[in-house]
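This report covers selected local features of one protein model. The sequence and structure come first, followed by the computed values.

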Amino acid sequence: MDVEKLEEIRDQERKEDTFTPMPSPYYMELTKLLLNYASDNIPKADEIRTLVKETWDTRLAKLRLSADSFVRQQEAHAKLDNLTLMEINTTGTFLTQALDHMYKLRTNLQPSESTDSQDF
């Protein structure tokens, strides 16, 4: 938990359009545990908490934008490179519900195949 390294990670995340690899797939869980139960033993704990939170917020904002773009473009699949399970779980419910609504709307807009046609 080096402040300079965390600043680099935060800045890189803000600069890139895609998700950058995190130092650990459990970075948020580990940070919360360590700072909640051992912050007295960690130098610059408040600074570290802020940097990790800023990185988390940046990544979730990117994830929301990606999900919005995914839904608007009516994509069938998405790559989730460099996302952690906690980040995926944060938006998983929203995204699955949005896709379910899109599916229902699409099926209601398609003409019924059982319509009888009248040939003369």
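## Local contacts, a helix and a surface patch

Thr84 touches Ser24, Pro25, Tyr27 and Arg59, leaving aside residues up to four places away in sequence; contact means heavy atoms within 4.5 Å. The model is predicted, so local features need pLDDT of at least 70 and side-chain atom pairs count only at pLDDT 80 or more, while totals for chains, interfaces and linings use all residues. Residues are numbered from 1 along each chain as its sequence is written, and side-chain values use heavy atoms, without hydrogens and water.

Thr84 sits in the loop between α3 and α4. Helices are DSSP runs (H or I, at least four residues) numbered from the N terminus. The table gives two relative accessible areas; buried means under 20%, exposed over 50%, and partly exposed in between (1.4 Å probe, protein chains only).

| Residue | Relative accessible area | Class |
|---|---|---|
| Thr84 | 5% | buried |
| Leu30 | 42% | partly exposed |

Leu30 belongs to helix α2. Together with Met1, Tyr26 and Leu34, Leu30 forms a nonpolar patch on the surface, with about 390 Å² of accessible area in total. Such patches join nonpolar side chains within 5 Å, from residues with over 30% relative accessible area and no salt bridge.

Helix α4 covers residues 85-109; at 1.5 Å a residue its 25 residues should span 36 Å, and the end C-alpha atoms are 35 Å apart, which agrees. A kink of about 45° in α4 is centred on Gly92, the bend being the angle between axes fitted to the seven residues ending there and the seven starting there. Glu87, Thr91, Ala98 and Met102 are the buried residues of α4, and they pack against α2 (27-38) and α3 (45-72).

Note on methods: Helices (H or I, at least four residues) and strands (E, at least two) are DSSP runs, numbered from the N terminus. The expected span of a helix is 1.5 Å times one less than its number of residues. Patches are made of residues with over 30% relative accessible area and no salt bridge: like charges are joined within 9 Å, nonpolar side chains (Val, Leu, Ile, Met, Phe, Trp, Tyr) within 5 Å. Accessible areas come from the Shrake-Rupley method with a 1.4 Å probe; for residues, only the protein chains shown count as cover. A salt bridge is a side-chain nitrogen of Lys or Arg within 4 Å of a carboxyl oxygen of Asp or Glu.
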